[in-house]
Amino acid sequence: MDTENIKIQIKTFFGLEQILAEEIKKLGGRNVEIKNRAVNCEGDLGFLYKINYSARTALKILVPIHEFKAFNQHQFYDRLFKFEWENFMDVDQSFSIDATVNSETFKHSQFVTLKMKDAIVDYFQEKFKRRPNVETRNPDIKFHLHIDRELVMISMDSSGDPLFKRGYRREQGEAPINEVLASGMLQLAGWDGKGNFLDPMCGSGTLLIEAAMIAMDLPAQIFRKRFGFQNWNNYDAELFSKIKEFRINRVRQFDGKIVGYDIDARMLNAARMNVEAAEMEDVIEIKKQNFFDSKKELFPLLMVFNPPYDERISINDDDFYKKIGDTFKTHYPNTLAWLISSDLEAVKKIGLRPSRKIKLFNGKLETRFLQYEMYEGTKKVHKLEDK
């Protein structure tokens, strides 16, 4: 592998591609290209380590190693069997394969995964008279197989576990928001750690912790113990150590407040445990507080939250969303608020026109991330003042 000019593909969620591309450019990526749910770029080995350690909206970071066309399963197996696998893994290492397949020729991802596994094992058996182990739970090397019609691309997964597994989550809520999605929402909302932040329905605290990490410029994977690239034959431990040290030296002081409200004692307990695991008790305040009875206490304030969806928690939608709107209007003047919801009818009951709507997916649920601007007095007066 050329360690100076590595081609890299970074996977993300739908709607976060632009945010990820900006992150990658800031971290020093070259030839950054936005794709569907992915960003392609180039960089050296140090850059590969740096984005794994620091990129907040990356799900997994792949390095393509082999590309070819196959029109049937024999060609597919044959091309894989002839590939020099020992350049990328050792016979003593275990491996796994995950696959995404969009092809008339190769219809079943399980079948092609099995074929690829056979080709790798047969290659080592013929060349070294020994076979590597297939290990799905905790492999040394993770391969990613992507087939688009006849085009086959094999990549190595440099991340190992998906990058939303930050390592601070001790307790789950009912349906906790994915850490990568949470960070993407905060960045879409413009949170940069200047001012104060409120999540008025904080659940198990993911948005609070991700907001604190952005505010202090903490690397996204500061709590992670292992990355996939640490099992590669070109792993440079000294280089990775330097990159971590450099990034940790950039951590900054945060003087604002990050506050979470919830009314569910179990959720509050989960949030406190997660905040403690993230070592952020000094930065994040969690209160038992009904948002509908609350008043604005922090100035300036950005609010981002994930109200309970009807899919996971039974709420009276119309009344619930109407109360959100009433609380916005009466108790939170001059506030920018964002919320994510899959119930596009119910959000109309908020009674305010969103100034921005962004399509995102929370798991398989199609949602809208909505921005509301609350002004004191009328919008028109503020527009005149702005001029």
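Visitor: Why is serine 158 called buried?

Guide: In this predicted model, the relative accessible area of serine 158 is 0%. Buried means under 20%, so serine 158 counts as buried.

Visitor: Where does serine 158 lie, and which residues is it in contact with?

Guide: Serine 158 sits in the loop between S7 and helix H5 (179-188). Leaving aside neighbours within four places in sequence, its contacts are Leu48, Asn52, Ile61, Phe227, Gly228, Phe229 and Trp232.

Visitor: What makes the pairing of serine 158 with asparagine 52 a polar contact?

Guide: The two side chains come to 2.9 Å. The cut-off for a pair of N or O atoms is 3.5 Å, and the value of 2.9 Å is within it.

Visitor: How do you know that the length of helix H4 agrees with its number of residues?

Guide: Helix H4 has 20 residues, 109-128, and at 1.5 Å a residue it should span 28 Å. The C-alpha atoms at its ends are 28 Å apart, so the two values agree.

Visitor: Which residues of H4 are buried, and what covers them?

Guide: The buried residues in H4 are Val112, Thr113, Met116, Ala119, Ile120, Val121, Tyr123 and Phe124. Their cover includes helix H3 (73-81), along with strands S5 (95-102), S6 (141-148) and S7 (151-157).

Visitor: Why do residues three or four places apart in an α-helix point the same way?

Guide: An α-helix has 3.6 residues a turn, so such residues point the same way.

Visitor: Where is asparagine 31, and why is it called exposed?

Guide: Asparagine 31 belongs to strand S2 (residues 30-35). It has a relative accessible area of 53%, and the cut-off is over 50%, so asparagine 31 counts as exposed. Asparagine 31 also has a positive phi, about 50°, without being a glycine.

Visitor: What makes lysine 7 and glutamate 42 a salt bridge?

Guide: The N to O distance between their side chains is 3.1 Å. A salt bridge needs these atoms within 4 Å, and the pair meets that limit. Lysine 7 is in strand S1 (residues 6-11) and glutamate 42 in strand S3 (residues 38-43), 35 residues apart.

Visitor: Are these two partners buried or exposed?

Guide: Lysine 7 is exposed, at a relative accessible area of 52%. Glutamate 42 stands at 18%; the limit for buried is under 20%, so glutamate 42 counts as buried.

Visitor: Why is it said that lysine 60 and aspartate 98 tie together parts of the chain?

Guide: Their side chains meet in a salt bridge, 2.8 Å from N to O. Lysine 60 lies in strand S4 (residues 60-69) and aspartate 98 in strand S5, so the pair ties together parts 38 residues apart in sequence. Aspartate 98 is partly exposed, with a relative accessible area of 26%.

Visitor: How close are the N and O atoms of arginine 130 and aspartate 92, and what does the pair link?

Guide: The closest N and O atoms are 2.1 Å apart, and the two residues form a salt bridge. Arginine 130 is in the loop between H4 and S6, and aspartate 92 in the loop between H3 and S5. Arginine 130 is partly exposed at 42% relative accessible area, whereas aspartate 92 is exposed at 55%. Elsewhere, salt bridges with shared partners join Arg56, Asp217, Arg247 and Arg250 into one network.

Visitor: Where is proline 300, and what kind of peptide bond joins it to phenylalanine 299?

Guide: Proline 300 is in the loop between strand S10 (284-288) and strand S11 (301-305). The bond joining phenylalanine 299 and proline 300 is cis, with omega about -15°.

Visitor: What average pLDDT does the protein have?

Guide: The average is 93, and 94% of the residues score at least 70. Over residues 380-387 the pLDDT is below 50, and this stretch has three contacts in the model beyond near neighbours in sequence.

Key:
Residues numbered from 1 in each chain as written. Predicted model: local features only at pLDDT ≥ 70, side-chain atom pairs only at ≥ 80, totals over all residues. Heavy atoms only, no water. Helix = DSSP H or I, 4+ residues; strand = E, 2+ residues; numbered from the N terminus. Expected span 1.5 Å × (residues − 1). Buried < 20%, exposed > 50% of the residue type's maximum accessible area, 1.4 Å probe, protein only. Contact = heavy atoms within 4.5 Å. pLDDT = per-residue confidence, 0-100. Polar contact = N/O pair within 3.5 Å; in protein donor to acceptor, adjacent residues only side chain to side chain.
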